[in-house]
Amino acid sequence: MLVVAVVVAVLVVGAASATWNTEKEMAMARSGKALGVATHEPSVDDRARETEQQMTDDERFALIISLIGPAMGLSRDKRIPEDVKNTSAGYTQGISRLGIPALQSSDASMGVTNPGYRPDDKGATAFPASIVVGSSFNPQLAHAGGQAIGREARIRGFNIMLAGGINLVRDVRNGRNFEYYGEDPWHSALFGAEAVNGIQSRHVISTLKHYTLNNNETNRHWLDAIIDPAAHRESDLLAFQIAIERSQPGSIMSGYNKINGEYASGNHQLLNEVLKGAWGYKGYVMSDWGAVPEWDYAVKGLDQESGIQFDVKQWGAEAFTDRLRKAYAEGRFPKERLSDMVRRILRSAYAVGVDMWGPAPAVDMAKHNEIALETARQGIVLLKNEGALPIPADKPLKIGVVGGYAQRGVPTGTGSGAVLPVGGYAGSMPIGGAHGLIGNARNLYLLPSSPLAELKKLLPQAQIDFDGAYTPAESAMLARRVDVVIAFGIRVEGEGFDLPDLSLPWGQDAVIDAVGTSNPNTIVVLETGNPVSMPWRSKVKAVVEAWYPGQAGGTAIAEILTGKVNPSGRLPITFPETLAQNPRPELPGIETPWGTPTTIRYDEGAEVGYRWFAQKKQKPMYPFGYGLSYTAFDYDNFSVTGGETITATFIVTNVGKVAGADVPQVYLTDAPDGPRMRLLGFERVELEPGESKTVTVKADPRLLARFDGKKGLGQWRITAGRYRVALGKSAGELLLTAEAPLTTRLFGK
Ligand code: BGC
């Protein structure tokens, strides 16, 4: 075991400026050199090199692949030993004589999944979707969730979690946006980093994924994402760069798509030159499952071929077994590179401490449920409120709850990230369809947290009736005889398909329209992973975006509707009025059969989301950063200083009557070379009525700079001059402005 002379590591959680000490055991596992402190022990690099030197070629080749367990129609691969019961997405043989455990990976960001691998596994905590975590604007929740997921992984013997999805939301039709944190690189980086830090603090490796621009599901294996390399550095790549710096993830998972013509898993420029070269990333790159058509991706920067049975399905052959061995035998694949791949994998194992596991600590599932609940509480966003909320608990109201299977539970996103909760789903309904990758396997899954039951608990004086939103006419009948209607609008979104438009399925828009017309006190609760069009918006008094709020979601929704919890979530993605406001009103390839080569030109470059809306001077339905509260906040004393970066200071005060949390946001709006909108920082501040707090936001200078270079390589350039900065409640409501001079400089990579 390692003995480290000095072990003090302080992680600063972004603009939220919270700090904590990592545990001593974690620091020890990472080794002194990994933390940049003095040590008498060999560094993880030394250890990885020494171990690798003792390995045979068979052992080396075994380490650079992973095998999927038996599920989803796959039979058990003979290379997975019979005594391995805890299978999941990935199994890589260990080397016991060298103390290297088998590497076993599972999905992922919202809890430990189990799409049929382990019949005896009775379920895990189904945390809220990542978009909920992002909506909280509280990176500490990502950390707490990550720790909990790490614990639940560890007790099942998984030492790798395929978590940390940080693709930016570039298109609000992307089926997987619920698995990501939002549209802004800084915001996504903070959340991705804290999720990874939480998981890795439990000695479980985490990925960050999907590197990069896998921002739509349509034809994802044949998708070519075209982008200007410098703009890429200022957006999606910046999210990865910052998240990597803040969390040192053991692995990066490459995406399915091509970027500028080269597949992500074999993209020499993005893997070798940017990730490992310019950024000096020392961990390993694993492919996504079924993303490796060629053996020479090993030369182009890929270190491990994941779930290789999927490559057989997708491309007809395994890449890193026989074909790579043949190239090796013929001298076309160098030994140094094989060693490098192996060392990177070993280094991450040592740095995170997966070789140091003792018995797994017991898991407190009640505590994990609390984390899921608190995340939902902070992530649910109040979009509209014309006095309908909160619903008073002390009145004998007649309330009609309509639709969304609210009598059963809350929906969840689908695909590899979907978590089977303890005790199973509260219901599932096959949707089917030819559309997309999962087509006929697409299901509506309900997590067992019924908003209806929770509302009944919190409103004991009320008489609450449920209507299943079967027809608009039937729902309207209930709406006409109650004082208040709470109508739920749900949508199934998931991996393998995109949404053709922003409507709600199953005629729910018509139902909501009918109840809104029939009752002036209609409140709508949305449970979706993306914005919806809300054609009935003017007919309802309140709208709440609850996203996919996880296994305690029904409780959180009821608490927010009744004012037990004051809403504080903020939108991490822009809600457009219509798709015509987006860079691509038509989604390329959406009408083509799965498997059609598709090109998406990201001509908006780094101007993603709110940046695009600012550049085009468009007003969205609800802007990035937006969310209402049951109290009110004022800002004053806004001042900024310049120099090497912008530092902004201001006072935020709760001027309302109840306690609440606000998320003031600081944006760059103008630079010497012209208008440019960039989120520079934010802080979630909890305040009692009348209470004030001084907040300081110091911008990462890359958010003020332009990337100056060719093919993604170069430096960050700040041009001298005055930079205009605004303090706002959202990207669409900037209240105070100030400016400061920055000095010219070229920095970083
Ligand atoms: C997904 C990944 C996931 C992997 C393993 C892929 O289809 O894109 O996010 O981690 O499967 O299940």
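Student: Which residue lies over the face of Tyr602?

Tutor: Arg170 does, at 4.9 Å from the ring centre. Bear in mind that this is a predicted model. To read such a contact, check the distance to the ring centre, which must be within 6 Å for CZ of Arg. Then try another ring: the charged end of Arg47 sits over Tyr350, 3.8 Å from the centre of that ring.

Student: Now rings against rings. How many aromatic pairs does a search of the whole structure find?

Tutor: The search finds 18. Phe137 and Phe682 form one that is edge-to-face, with 5.0 Å centre to centre and 75 degrees between the planes.

Student: Where in the chain do Phe137 and Phe682 lie?

Tutor: In distant parts, 545 residues apart. Phe137 is in the loop between helix 5 (130–135) and helix 6 (139–154), while Phe682 belongs to strand 26 (residues 674–682).

Student: Are Phe137 and Phe682 buried or exposed?

Tutor: Both are buried. Now take Tyr211 and Phe240, an edge-to-face pair at 5.1 Å centre to centre and 90 degrees between the planes. Tyr211 sits in strand 6 (residues 205–211) and Phe240 in helix 9 (residues 236–247), so this pair ties together parts 29 residues apart in sequence.

Student: Why does Tyr211 count as buried?

Tutor: The cut-off for buried is under 20% relative accessible area. Tyr211 counts as buried because its relative accessibility is 1%. Phe240 is also at 1%, so Phe240 counts as buried.

Student: Ring pairs can chain together. Which residues do they link into a cluster with Phe137?

Tutor: Tyr610, Phe624, Tyr667 and Phe682 are linked with Phe137.

Student: On to sheets. What should I look for?

Tutor: Strands of a sheet pair through backbone hydrogen bonds, and the sense is either parallel or antiparallel. Read the strand order, then the sense. Here, four strands form an open sheet in the order 10-9-7-21, with mixed pairing.

Student: Which are the edge strands of that sheet?

Tutor: Strand 10 (262–263) and strand 21 (598–601), each pairing on one side only. Look at strand 21 and strand 7 (residues 223–226): they pair in the parallel sense over four bridges.

Student: How many bridges join strand 25 to strand 31?

Tutor: Five, between strand 25 (residues 665–671) and strand 31 (residues 721–730), which run antiparallel. Tyr667, part of the ring cluster, stands opposite Ala726 in strand 31.

Student: What joins strand 31 to strand 32?

Tutor: A hairpin, through two residues. Strand 31 pairs with strand 32 (residues 733–742) in the antiparallel sense, over nine bridges. Find Ser730 and look across: Glu733 in strand 32 stands opposite.

Student: What does the lining of the largest cavity look like by class?

Tutor: Eleven residues are nonpolar, six are polar and none is charged.

Methods:
Residues numbered from 1 in each chain as written. Predicted model: local features only at pLDDT ≥ 70, side-chain atom pairs only at ≥ 80, totals over all residues. Heavy atoms only, no water. Phe/Tyr/Trp six-rings, centres within 6.5 Å; stacked < 30°, edge-to-face > 60°. Buried < 20%, exposed > 50% of the residue type's maximum accessible area, 1.4 Å probe, protein only. Lys NZ or Arg CZ within 6 Å of the ring centre and 35° of its normal. Pairing = 2+ DSSP bridges. Nonpolar A, V, L, I, M, F, W, Y, C, P; charged D, E, K, R; others polar.
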